[in-house]
Amino acid sequence: MNAPVSAPKLHDCRDAFAESIEMLAANDSRVVAVCNDSVGSSKLGGFKAKFPERLVNVGIAEQNMVGVGAGLANGGQLPFVCGASCFLTGRALEQIKADLAYSNANVKLVGISSGMAYGELGPTHHSIEDFAWTRVLPNLPVIAPCDRIETAAAVKWAAEYAGPCFLRLSRVGVPDLLPEGHIFELGKANLLRDGKDLTLIANGTLTHRMVKAADILATRGIKARVLNMATVRPIDEAAIVAAATETGAILTAEEHSIYGGLGSAIAEVVVEQAPVPMKRLGVPGVFAHTGPAEWLLDEFGMAPAAIADAAQALIKRK
């Protein structure tokens with residue numbers, strides 16, 4: 001008898017972030033962490049224990065937190081400003097715009113528990129608008145890693161990047177998708193599956209669901225290309241145009257509103273450079289319900305089987 005296939009191990013990307021920032025701090029005395037009374041949820045307990053003098057907890061004051069980060073950067077430090085993504089981006093958007101993006105301050109924003117990861121806490125804690133709010137700002141790269149490996153690579157990249165950026169991390173466990181030693185490249189998509197019938201594009205927690213959907217489609221004789229589009233701004237226009245011209249249809253999925261997020265960014269490229277049938281999956285312009293994060297994704301049509309069905313319907317429009 002064949003041995004049963006075990007489910008892949010799931011990882012919390014916050015752990016990869018925490019390990020990475022501690023390693024950076026051990027080798028670079030400029031690295032500091034700033035948080036909004038979120039030492040636990042930002043996984044900064046180890047950082048606090050090792051570098052207590054380099055952790056600044058401003059309390060529940062996100063606008064001040066971003067300002068403190070900008071001041072530290074202006075003083076030559078390398079601040080990682082961490083907090084729940086819904087509050088970091090929603091409450092402090094003016095400071096992110098003026099103090100970071102406009103001033104090109106060398107601050108690394110880390111939005112924790114993004115999307116609907118705080119599912120049971122309801123709409124006030126869902127962060128399904130943060131792509132839209134941040135990707136419109138000049139000088140602010142927007143990145144949503146798909147697994148722990150890409151998270152670690154993106155943190156390393158952020159530390160070396162001269163300017164502000166926004167890393168969007170979930171707390172929902174995801175399997176490894178990229179190889180160990182992966183090097184993050186800003187604005188470059190990763191090809192996870194190749195195919196000719198249509199292209200599936202996602203980032204963050206939705207990427208592994210797209211891979212599962214592609215596996216389901218393969219059983220139906222449909223070969224789907226799968227792209228991990230971690231960088232929302234700057235978007236990989238070349239990969240999008242190639243997907244449109246070579247596969248003839250594009251389906252996106254994201255843990256975000258369908259308005260203003262990853263799907264919208266891709267649609268902007270498609271409509272101007274390579275018009276093909278498209279379908280955007282996400283939260284359809286409503287306040288998401290209260291409930292477990294994985295259940296919410298399924299409720300909004302982003303279970304792997306539902307994604308596969310939507311893809312099969314999209315192909316008929318080619």
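Tutor: H9 and H10 cross in the right-handed sense; a crossing is called right-handed if the near helix is turned clockwise from the far one by less than a right angle, and left-handed if anticlockwise. This is a predicted model, in which local features need pLDDT of at least 70, side-chain atom pairs count only at pLDDT 80 or more, and totals for chains, interfaces and linings use all residues. Residues are numbered from 1 along each chain as its sequence is written, and side-chain values use heavy atoms, with hydrogens and water left out. Helices (H or I, at least four residues) and strands (E, at least two) are DSSP runs numbered from the N terminus.

Helix H9 spans residues 237–247 and helix H10 residues 262–273; they pack at about 60 degrees with axes 10 Å apart. Axes are lines fitted to C-alpha atoms, for helices over the stretch in contact, and angles run from 0 to 180 degrees between N-to-C directions. The pair is therefore oblique, the class left after roughly parallel (under 35 degrees), roughly antiparallel (over 145) and roughly perpendicular (65 to 115). From H9, Glu237, Ile240 and Val241 meet Ile266, Val269, Val270 and Gln273 of H10, contact being heavy atoms within 4.5 Å.

Now to the sheet. Its 7 strands form an open, mixed arrangement in the order E2-E1-E3-E4-E6-E5-E10, where pairing takes at least two DSSP bridges between two strands. Strands E2 (55–57) and E10 (231–233) are the edges, each pairing on one side only. E10 runs antiparallel to E5 (residues 142–143) over 2 bridges, with valine 142 opposite arginine 233.
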